[in-house]
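Take a walk through this model, from the overall layout down to single side chains. Keep the viewer open as you read.

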Amino acid sequence: LVLGSVHRLDAGVHVALGRKVSSWRSFRDRFPWLLCNIGGGIICALIASRFESLLESAFLLALFIPVVLALSESVSMQSMTITLVGLEHQRIHWPRLWVNLRKEFVTASLLGLFCGFVVALIATAWRGFSPAAVAIGLSIYLAVITSCLLGVAIPTAARAFIGNPRIAAGPIVLAIADIATLTLYFTIAGMLLSH
């Protein structure tokens, strides 16, 4: 960072060093990214509405939606941040990218496995063992892996095809991760609870 300049972070926010950014400019920078969150949230609401009967029959699923989404979002942001730092000021080195992707995949698999196990254990201790508890744990495992891959793939694709990985801002990755997570969550729950 150079003193006296304005830098754009991956969340669509300018950081002013040595001078202030006007409120209007700050609004213009931040509002479009919040539209990604609004759009993603509406799509998630539509997805959830298609599984209304499933949520009514397995109330436990509804209770754990915030946990599943929070874990998925956290992993996607961690992976995206690591990827953006790696892409800063350098071209994509494909062999190194695949090494990093494999490393992130293994890390995400471990994170998903342990987080899924812990949350499923809590759900079981709270409400008793059920297919819903299994669905919660399995969904977390798969959602964490998917979100990790999104956190790597979206900034990398932006760098490769657009030249600017910062267009893959946090809200974009989060919106896509939320949609993918809820889709996985309800699909897995629907399969396990229908038997």
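From the N terminus on, the elements run β-β-α-α-α-α-α-α-α. That gives seven helices and two strands. Helices are DSSP runs of H or I with at least four residues, strands are runs of E with at least two, and both are numbered from the N terminus. The model is predicted: local features need pLDDT of at least 70, side-chain atom pairs count only at pLDDT 80 or more, and totals for chains, interfaces and linings use all residues. Residues are numbered from 1 along each chain as its sequence is written, and side-chain values use heavy atoms, with hydrogens and water left out.

Of the 195 residues, 37% count as buried. Buried means under 20% relative accessible area, exposed means over 50%, and partly exposed lies in between (1.4 Å probe, protein chains only). Contact means heavy atoms within 4.5 Å. Among contacts between residues at least 6 apart in sequence, 75% join residues at least 24 apart.

Now the helix pairs. Two packed helices are described by the angle between their axes and the distance between the axes. Here the axes are lines fitted to C-alpha atoms, for helices over the stretch in contact, and angles run from 0 to 180 degrees between N-to-C directions.

Start with helix α4 (residues 65-87) and α6, which pack at an angle of about 25°, with their axes 8 Å apart. That makes α4 roughly parallel to α6. Angles under 35 degrees count as roughly parallel, over 145 as roughly antiparallel, 65 to 115 as roughly perpendicular, and the rest as oblique. The crossing of α4 and α6 is right-handed. A crossing is right-handed if the near helix is turned clockwise from the far one by less than a right angle, and left-handed if anticlockwise. On the α4 side, the residues that meet α6 include V68, L71, V75 and M80. On the α6 side, I136, I140, V144 and R159 are among them. The residues of this contact of α4 with α6 divide into 13 nonpolar, seven polar and one charged. Ala, Val, Leu, Ile, Met, Phe, Trp, Tyr, Cys and Pro count as nonpolar, Asp, Glu, Lys and Arg as charged, and the others, Gly among them, as polar.

Helix α6 (residues 131-161) also packs with helix α7 (residues 170-193). Their angle is about 150°, and their axes are 8 Å apart. The two helices are therefore roughly antiparallel to each other. Their crossing is right-handed. The residues of the contact of α6 with α7 divide into 20 nonpolar, five polar and no charged.

Next, look at α5. S109 is found in this helix. Is S109 buried or exposed? S109 is buried, with a relative accessible area of 15%. A polar atom of its side chain lies 2.8 Å from the backbone oxygen of F105. S109 also touches Y141 and I145, not counting residues up to four places away in sequence. V106 lies in helix α5 (residues 94-127) as well. V106 is partly exposed, with a relative accessible area of 48%. The C-alpha atoms of V106 and I145 are 8.7 Å apart, and the two residues are 39 apart in sequence.

Finish at helix α2 (residues 52-57), where L54 lies. L54 is buried, with a relative accessible area of 11%. L54 touches L61, F186, A189, G190 and L193, not counting residues up to four places away in sequence. L54 and F186 are 132 residues apart along the chain, yet 8.2 Å separates their C-alpha atoms.

Conventions: Polar contact = N/O pair within 3.5 Å; in protein donor to acceptor, adjacent residues only side chain to side chain.
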